[in-house]
Amino acid sequence: MSRVPGWLERVGAGISRVGERLDERRAEGDALSADGSHDESPHDQVPPPPDYAPAVSARPEPAAAVPWGLRVAAEASWRLLVLAGMVWILMKIIASVQLVVFAFVAALLITALLQPTVARLRRHGVPRGLATALTAVLGFVIMGLVGWFVVWQVQENIDNLSSQVQDGIDELRRWLLNSPFHVTESQINDIAKSLRDAIGANTDEITSAGLEGVTVIVEAMTGILLAMFSTLFLLYDGKRIWEWTLKLFPAQARPGIAGAGPRAWRTLTAYVRGTVIVALIDAIFIGLGIFFLGVPMAVPLAVFIFLFAFIPLVGAVVSGALAVVVALVTQGVFTAVMTLVVVLAVQQIEGHILQPFILGRAVRVHPLAVVLTVAAGGMVSGIGGAVVAVPLVAVTNTVVVYLRSWSQEAAMKQTPAPHGATAVDAAPVDPPQS
């Protein structure tokens, strides 16, 4: 082996001596600590706080520092934001296929009206296909005849109505000049000039609206055909369609949905049939009233009153105002006032007698909910949204109430039965016999 250089031996010896000195000092420190005479160096000692210093508590976790109410509000807020986003996306999808949605909803309403007739024919031994065909054809023929009759009446009376409207405007002008409202000739001329200017300025818009009317007619015919085919299939195969729809829900939710579906359908049927009866009564009595008052086109006006009755609250006001305006411009102020009296009387009877008696408890929706729902439906989808809003809320209310009671019953069934001392306490006690 080669010899180790001298300088390397000297370095190793120095390191050994430093290690020995460190071991000696460590041993001395352990001995002093055992005696308790020297625990730590003076520089490591921390002076205790004075007696007057306030006590400082430990800081809580950040989540625990947030108030409980604020945490609940935050948890509910982000869930509401998610639901609002889902509703917004759903509304966008519905708006893109609005024609199909309205056609199917119209088919549901017509089916709710015609389905009891199909069931009655089935009970008398008529085959399902024949009962469906007879009911659908009869229903569509009646609706078609009503539409044709309205158009025919308007075309037959439009010339006479135009002359009566002109005479009525002249009479209204004379009445305003002699009325206590102090209306002058120049004010009436200014109003007439403003109307002519407005019509002249909007000629291009009126022309474009007329051109777009062709598209509207095509869309209307498409929607009518879709509604007719959907009604036929719903009348003929509605049960199997409902059973297939149930398969789209999770297995655990199917029993509750299966129980809520028939109740929702009964609510919708009661609403449609009750609304038809109330609208028919309104149309008959208001139509008879304006007929005896000599208002022209009483029958078409009665049909409009019947159709507008399907728009809760708003429809009655619009149809009544239309009848009053026609009476005003054709027969004068007195006839218009009498028409207004007839309309208000029939509507009061409807609101206080017909609606509670015919609809009863089948459609339990608060009037405030009806107003807000009709307004929201009209803002979202126009007249179609206003028509669909109330039955949608009524059906939703029925479904929610049933699902709530069903979930409570299911929770009670899953609760374990009492046993031991609890079972003895819960057992009924027979009354003492005398």
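**Exercise 1. Place Leu-225 in the fold and state how accessible it is.**

Solution. Start with the element: Leu-225 sits in helix α7, residues 203-246. Helices here are DSSP runs of H or I with at least four residues, strands are runs of E with at least two, and both are numbered from the N terminus. This is a predicted model, where local features need pLDDT of at least 70, side-chain atom pairs count only at pLDDT 80 or more, and totals for chains, interfaces and linings use all residues. Residues are numbered from 1 along each chain as its sequence is written, and side-chain values use heavy atoms, without hydrogens and water.

Next, take the accessibility: Leu-225 has a relative accessible area of 45%, so it is partly exposed. Buried means under 20%, exposed over 50%, and partly exposed in between (1.4 Å probe, protein chains only).

**Exercise 2. Locate Leu-280 and relate it to Val-303.**

Solution. First, find Leu-280 in helix α8, residues 254-292. Finally, compare the two separations: Leu-280 and Val-303 lie 23 residues apart in sequence, and their C-alpha atoms are 8.9 Å apart in space.

**Exercise 3. Describe the protein as a whole.**

Solution. Begin by counting elements: there are 13 helices and zero strands. Now turn to burial: 23% of the 434 residues count as buried. Last, look at contacts (heavy atoms within 4.5 Å): among those with a separation of 6 or more, 70% join residues 24 or more positions apart.
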